[in-house]
Amino acid sequence: MKNYKITLIKGDGIGPEIIDEAVKVLDAVASCCNFHFSYDEALMGGIAYDVTGDPLPQETISKSLNSDAVLFGAIGGPQWDDLPREKRPESGLLRFRKELGVYANLRPAVVYDELINASSLKPEIIKGVDIMVVRELIGGIYFGEPKGRTEDKGWNTMVYTREEIVRISHQAFRIAQKRDKRVCSIDKANVLDVSQLWRDVVTEVSAEYPDVVLTHMYVDNAAMQLVLNPKQFDVMLTGNIFGDILSDEASMLCGSIGLLPSASVGEKIGVYEPIHGSAPDIAGQGIANPIATIASASMMLRYALGEIEAADKIDNAIKKVLSEGYRTGDLAQFDAKEVCSTSEIGSIIANYIER
Ligand code: NAD
């Protein structure tokens, strides 16, 4: 029987509660699909600082690199906000992504029919939206040199190399092959030299994927089109800063932050995590929505382990739970039949899979 080694990083706040539910669901799907998980826990964030004095112990990096995938909850909380910058939980997370070389951030934005009223847009605009934003994560203007500021001037540099654009483009095209086979590459090639290179290189790479249709769109138009007609998009391929902005815009089409998963992947390893933070305001109360984390576990099965059937089972179980009206408190006002705790939602999803 196949055994997958998963590093679990529960983190802070609601992190442990939501990861426990994802594990419950993973175990249910493993027993149905004839494979097995072995889990190894590692520390990161405030808890890691409290235990070891470092928000990212070296052991967490080595455990992660020695596993098949990493499932991560969330880090941070007010009790660590006054620490020096390098000791703060968020610094640990940024360093973690860099150390693991996870250069591609995948953020799906899927509108569930059952929660169509949770979006601020009209139902007819968002019904059926299923977008995957593929964002370059460790290059571009957030990392480019030179950068600096004086009293009267501040500057950053948007730099992309051919190699960086090639590898993120391959990610986008490979993902599109498993979806609706359309990539829309986002740039500002009418103004920026770096975007002209981006457009040329993406076009070159697309020649290796004749089954995928490539289009290009300027970033300002993309921001408009996302609210005007979001269904036109399948995979959106972006650089770092454009993706940062557009993926937040796309995710808000869906209503609740408690539903949205993500993956950060590189050549060595992938990290699968909800898009939300550690929600200190509701931590320890058993009311957090675990669906974003369970959907992240599904992405892990699909993209890291190639267990497509198992991933489909989880996604279908999430849809069933929502269609039957089971909701955590964050979604209680949207056609809830029953308001459930974090662990009840996890158990209902696991039960659907087992049945
Ligand atoms: P947050 O995402 O933690 O919370 C924002 C709001 O959404 C809160 O009202 C929270 O209760 C609610 N919420 C979030 N997840 C939820 C869930 N699963 N179910 C129900 N409600 C949910 O963002 P924040 O309040 O700005 O940040 C809190 C802490 O998290 C900070 O320390 C921040 O630095 C950290 N953070 C961590 C990550 C990460 O670990 N990747 C990401 C963002 C923020």
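**Learning to read a predicted model**

Author: A279 sits in the loop between β12 (270–274) and α10.

Reader: Thanks! What is the phi of A279, and is the value positive or negative?

Author: As a general idea, most residues other than glycine have a negative phi. A279 is a residue other than glycine, yet its phi is positive, near 40 degrees.

Reader: And what is the phi of D335?

Author: D335 also has a positive phi, near 50 degrees, and is a residue other than glycine. You will find D335 in the loop between β13 (326–327) and β14 (338–339).

Reader: Is D335 buried or exposed?

Author: Exposed means over 50% relative accessible area. D335 has 52%, so D335 is exposed.

Reader: Let's turn to peptide bonds. Which kind of bond joins E145 and P146?

Author: In general, most peptide bonds are trans. Here the bond between E145 and P146 is cis, with omega about 5 degrees. P146 belongs to the loop between β5 and β6 (148–149).

Reader: Which residues does W155 touch?

Author: Leaving aside residues up to four places away in sequence, W155 touches P146, K147, G148, R149 and T150. W155 itself is part of strand β7 (residues 154–155).

Reader: How far apart are W155 and A109, in sequence and in space?

Author: They are 46 residues apart in sequence, and their C-alpha atoms are 32 Å apart. G128 is in the loop between α5 (123–126) and β5 (130–136). With residues up to four places away in sequence left out, G128 touches D113 and K231.

Reader: Now for helices. At what angle do α10 and α11 pack?

Author: Two packed helices are described by the angle between their axes and the distance between the axes. Helix α10 (residues 291–304) and helix α11 (residues 308–323) pack at about 160 degrees, with axes 7 Å apart. Angles over 145 degrees count as roughly antiparallel, so α10 is roughly antiparallel to α11. The crossing of α10 past α11 is left-handed.

Reader: Which residues make the contact between α10 and α11?

Author: From α10 they include I291, I294 and L301, and from α11 they include I308, I314 and L322. By class, this contact of α10 with α11 has 10 nonpolar, 1 polar and 3 charged residues.

Reader: How do the axes of α8 and α9 cross?

Author: The axes of helix α8 (residues 219–228) and helix α9 (residues 240–251) cross at roughly 10 degrees and come within 10 Å. Angles under 35 degrees count as roughly parallel, so α8 is roughly parallel to α9. In this pair, V219, A222, A223, L226 and V227 of α8 meet F242, L246, E249 and A250 of α9. By class, the contact of α8 with α9 has 8 nonpolar, no polar and 1 charged residues.

Reader: Last one: which domains does the assignment give?

Author: The domain assignment of the protein chain gives domain 1 (1–100 + 260–355) and domain 2 (130–253). Their C-alpha centres lie 26 Å apart. The contact takes 10 residues from domain 1 and 9 residues from domain 2.

Terms used. Residues numbered from 1 in each chain as written. Predicted model: local features only at pLDDT ≥ 70, side-chain atom pairs only at ≥ 80, totals over all residues. Heavy atoms only, no water. Helix = DSSP H or I, 4+ residues; strand = E, 2+ residues; numbered from the N terminus. Contact = heavy atoms within 4.5 Å. Axes fitted to C-alpha atoms, helices over the stretch in contact; angles between N-to-C directions. Parallel < 35°, antiparallel > 145°, perpendicular 65-115°, else oblique. Left-handed = near helix turned anticlockwise from the far one by under 90°. Nonpolar A, V, L, I, M, F, W, Y, C, P; charged D, E, K, R; others polar. Domains from an automatic or database assignment. Buried < 20%, exposed > 50% of the residue type's maximum accessible area, 1.4 Å probe, protein only.
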